[in-house]
Amino acid sequence: MLAIALVDRVGSGLWASVSVLYFTYVSGLSLTQVGTLAATAGAIGIAGAPLGGRIADRFPLTRVLTTVQLLRALSSLALLTTNDYPLLVAFAAVGSLGDRAASVLTRLYATRVAGADRVRYQAVQRTVANAGWALGGLAAATALALGSTAAYQWLLAGDALSFLASALLTLRCAEPPSASRTVTTSKDLAPSTRAPNPWRDRTYLAYVASETVLFLDDSVFKVGLPLWIAHATHAPHGLAPLLLVLNNVLVVALQVPLARFGATTAAARALLLPLAAAFALAGVAMALSATGGTVTATLLLTAAATAFTLAEILHATVSWELSVALAPETGQGTYLGVHGLAQSAQRSLGPLAVTAAIAGGPVGWSVFGAGIALTCAIQHRLVRSRLAPTALSVPPVTVSEH
C-alpha cells in the first residue's frame, strides 16, 4: 500500500500542477470555463468519500479500491479524447469522485491492517505520498520546459498510467479483516442490529464540522500565501513557491518523528492544544508580515509558513487517530467516508475564508488564526466523552473473505 501511495502521488503530481494550463492551452477553454469546470468537478467529488466508505463496508475493500483506481485511469484517458466542454466537465467530475473515494479507501485499508500502529503507518504514508508528489511536480516542471501540446498530453497520460499501476498493485494486496463483514453459513442467524449510521450521530457530525475548519491550512498555502505576498507585503513574489517547497520538505522530514507524540488516542487528543497554539502563532506572523520591509516580511512569512506546516503535521496525526477512535468498528468505512467530507468541504469553503482574511488585513489574519485555535479547543472538549479511557483499542480479528 505504501508503494501504491508513491505511484499514485507521482501521477497526481504530474497532473495537478498543470491541469489548469492543460484546459487553457490544449482544450482552449476560457478562464471562466476553467473555473466552472474545477468548481463543478470538486462539488461532485464531495460525494466520493461517503459513497466509497459505505460501499467498502459491504464489499471486499481491495476489489472496491481496484475498481476506483481503474475508474480514475479511465477518466484521465477520456480527457485526452475530447475538447468538448460538457464532456470535459463530466470526465473531470468522474475523476474527482474517484479521487475522494480512493483517499478514504486507502485510509480504511491502513486502519484495518495497521492496528495499534496506525498512527505511525499514517506518518510513514504521508511522508511517502509527499515525496511522490514532489517527484511528480519536478517531472511536470521538466516537461513543461518543452512548452508543447504533446508535453501536456503526456503528463495527463502519465497520470492515467499511475492509476492503472495502482490498480494492478492493489490486486497483490490481501483483503484485510473487517468487523463489518464476516463469513457466515446458512446455519448462522442474520444480524439483528442495524449498521451504525454516522448521519444520525450528532457528536461525530459536529466533529466533522470542526475538522473542516482545521483543514484550512491547505487553502492558506494554495491561495492565502501567494495572494498575501503579492498584494499586502514587501516580500518578493518568488517567495510563494519557495514556501510551498519548505512546506513539502518539513512534512517529509517531521511527519514520522512527530507522530510519536500522538501514538495513542489520549495523546492525539492532547495534541489539539499545541495545535491551537501553532495556528494562533501562524495568524499573528501573517499579520505582522504586512508591517515590515522586505527582509522583515520575508522572515515573518517564513515563520508563518513553518507554523502552518507544523499545524498541518500535528493535525494529520490527530485527525487520523480521532476519526477512527470515534467510529464504531462495524461502521468504520461509512464513518470515515463522512469524515472525508471535511476535506472536500474545505476545498470549496477554504478559499473564501482565506480571501476574507486577506480582505481584513492584519486584523483579518489574527482573527483567522484565533478562530482556528478556538475550534481546536472546542474539538478537544467535544470528543472527550466519546473516547475510551484505554490508550488505543485494537480491532478484533474477524474472518475475511478471499
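A residue is called buried when its relative accessible area is under 20%, exposed when this is over 50%, and partly exposed in between, with a 1.4 Å probe and protein chains only.

The structure is a predicted model, in which local features need pLDDT of at least 70, side-chain atom pairs count only at pLDDT 80 or more, and totals for chains, interfaces and linings use all residues. Residues are numbered from 1 along each chain as its sequence is written, and side-chain values use heavy atoms, leaving out hydrogens and water.

The nonpolar interior may be considered next. A nonpolar core is a set of buried Ala, Val, Leu, Ile, Met, Phe, Trp, Tyr and Cys residues joined through side-chain atoms within 4.5 Å. In the largest such core, which has 69 residues, Leu301, Trp365 and Phe368 touch the most other members. Helix α14 gives the most to this core, with 11 residues; helices (H or I, at least four residues) and strands (E, at least two) are DSSP runs, numbered from the N terminus. Another core lies apart from the largest one and has 19 residues, including Val26, Val34, Ala41 and Leu88. Contact means heavy atoms within 4.5 Å. Neighbours within four places in sequence aside, Leu301 is in contact with Leu225, Trp228, Ile229, Thr233, Ala235, Leu239, Leu243, Met286 and Ser289.

Rings of Phe, Tyr and Trp (its six-membered ring) pair if their centres lie within 6.5 Å; planes under 30 degrees apart count as stacked, over 60 as edge-to-face and the rest as tilted. The structure holds eight aromatic pairs. One of them joins Phe279 and Phe308, edge-to-face, at 6.3 Å centre to centre and 65° between the planes. Because Phe279 lies in helix α13 (residues 272–288) and Phe308 in helix α14 (residues 294–325), this pair ties together parts that are 29 residues apart in sequence. Phe279 is buried at 0% relative accessibility, and Phe308 is likewise buried at 0%.

The rings of Trp365 and Phe368 have centres 5.2 Å apart and planes at 75°, so this pair is edge-to-face. Trp365 and Phe368 are three residues apart in helix α16 (residues 361–382), which means that about one helical turn separates them. Trp365 is buried at 0% relative accessibility, and Phe368 is buried at 9%. Elsewhere, Trp15, Tyr22 and Phe23 form one aromatic cluster.

Helix α16 also contains Gln379, which is buried with a relative accessible area of 0%. A polar contact is a pair of N or O atoms within 3.5 Å; within protein, one must be able to donate a hydrogen and the other to accept it, and residues adjacent in sequence count only if both atoms are side-chain atoms. The side chain of Gln379 makes such contacts with the side chains of Ser210 (2.8 Å) and Glu211 (3.1 Å).

Helix α4 (residues 48–56) has Gly48, Ala49, Pro50, Gly52, Gly53 and Ala56 buried. Among the elements that cover the buried residues of α4 are α3 (31–45), α5 (61–79), α6 (85–114) and α15 (332–359).
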